[in-house]
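Subject: Structure for you to take over

Hello,

Please look through it before reading my notes.

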Amino acid sequence: MVPLSYYLLLGGFLFACGVIGFLIKRNIITIFMSIELMLNGVNLSFVAFAAHWHALAGQVFVFFVMVVAAAEAAVGLAIIIAVFRTRETLNVDQVNLLKL
Amino acid sequence: MSLHLILFLLFGAICVAGAVNLLVQRHPINSALSLIAVMAALAGEYLLLGAEFVAAIQVIVYAGAIMVLFVFVIMLLNAGEEEETKGSRVAILFGVPGVLTGAVLTGWVVLRHSGTEPVPIGALPGPPTEIAHLLFHDFLLPFEVTSVLVLIAIMGAVVLATKPEATERKAR
């Protein structure tokens, strides 16, 4: 028997790690992976609440989050490839112009 | 200390270690591998909660498909170690204390005010038949909208990743 708050704390910790990575990382790919970490923390809270309230809809929401994450990964990685092709760097500090 | 709690702590420790390792590592491929470890351990947590189907999808889609895409891009762009810049030092100086304050506050609220009733193992068996009924009956419209979203994402990825010269040549 595990209290619900343990699951929420683990999900919150993963989310906080994602936010910290998003802020301190300078590599655009690692920033992207931090976003995935945040989504995973939220997914854990969804499943824990679904089990706690006996509502299966929480698990369905996880699927929608995964679909959005997959679409975001596809488009985002394409953008990263386009950025790397034009600027030849992955450092976000050097990507500061809208148009070259 | 029940077996359930021991398993929760084991998978939770793997999650925490992987998340911290993602922050500490400087090479993106190491961060990607630790993120895969986090996702696999989260699948174990889902199994403890009785969500077998979600756990399977987590391993197949998240740890499988999405992370393979990440690793491919890292290898394709030959990403090296990230260098420390002025911006990253400022971000560490202000970002880490701010986020930690928020995390501690949230944790305090969760521990203080959330229901602390235990979640029993396999409390809510999520068999695929019932999930399918929800997905194709109650959530039919969002499900159809996601198909449009995925189609747009595919086309967007193709358009963005194509070399500009190739499209120009085709236009002429």
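Predicted model: local features only at pLDDT ≥ 70, side-chain atom pairs only at ≥ 80, totals over all residues.

Chain B

Chain B has 172 residues, of which 26% count as buried. Its secondary structure consists of seven helices and one strand. Along the sequence the order is α-α-α-α-β-α-α-α. Among contacts in chain B with a separation of 6 or more, 58% join residues 24 or more positions apart.

I also checked one helix of chain B for length. H2(B) has 21 residues, and at 1.5 Å a residue it should span 30 Å; its end C-alpha atoms are 30 Å apart, so the two agree. After H2(B) comes Gly50(B), with a positive phi near 90°.

Where chain B meets chain A

The contact between the chains involves 74 residues of chain B and 60 residues of chain A. On the chain B side, the elements that give two or more residues are helices H1 (3-24), H2 (28-48), H3 (52-77), H4 (86-113), H5 (128-138) and H6 (140-161), together with strand S1 (118-119). Which of them gives the most? That is H4(B), with 12 residues. By residue type, the side of chain B that touches chain A comprises 53 nonpolar, 17 polar and four charged residues.

A helix pair in chain A

In chain A, helix H2 (residues 28-53) packs with helix H3 (residues 57-87). The angle is about 175° and the axes are 10 Å apart. Angles over 145 degrees count as roughly antiparallel, and H2(A) and H3(A) are therefore roughly antiparallel to each other. From H2(A), the residues that make the contact include Ile28(A), Phe32(A), Leu39(A), Val42(A), Phe46(A) and Ala50(A). From H3(A), they include Gly58(A), Phe61(A), Val65(A), Ala69(A), Gly76(A), Ile80(A) and Val83(A). The residues of this contact between H2(A) and H3(A) divide into 15 nonpolar, four polar and one charged. Glu36(A), on the H2(A) side, also takes part in the contact.

That is everything I have noted so far.

Best regards

Terms used: Residues numbered from 1 in each chain as written. Chains lettered and ligands numbered in written order. Axes fitted to C-alpha atoms, helices over the stretch in contact; angles between N-to-C directions. Helix = DSSP H or I, 4+ residues; strand = E, 2+ residues; numbered from the N terminus. Parallel < 35°, antiparallel > 145°, perpendicular 65-115°, else oblique. Contact = placed C-beta atoms within 7 Å. Nonpolar A, V, L, I, M, F, W, Y, C, P; charged D, E, K, R; others polar. Buried ≥ 20, exposed ≤ 12 C-beta atoms within 10 Å, placed from the backbone. Expected span 1.5 Å × (residues − 1).
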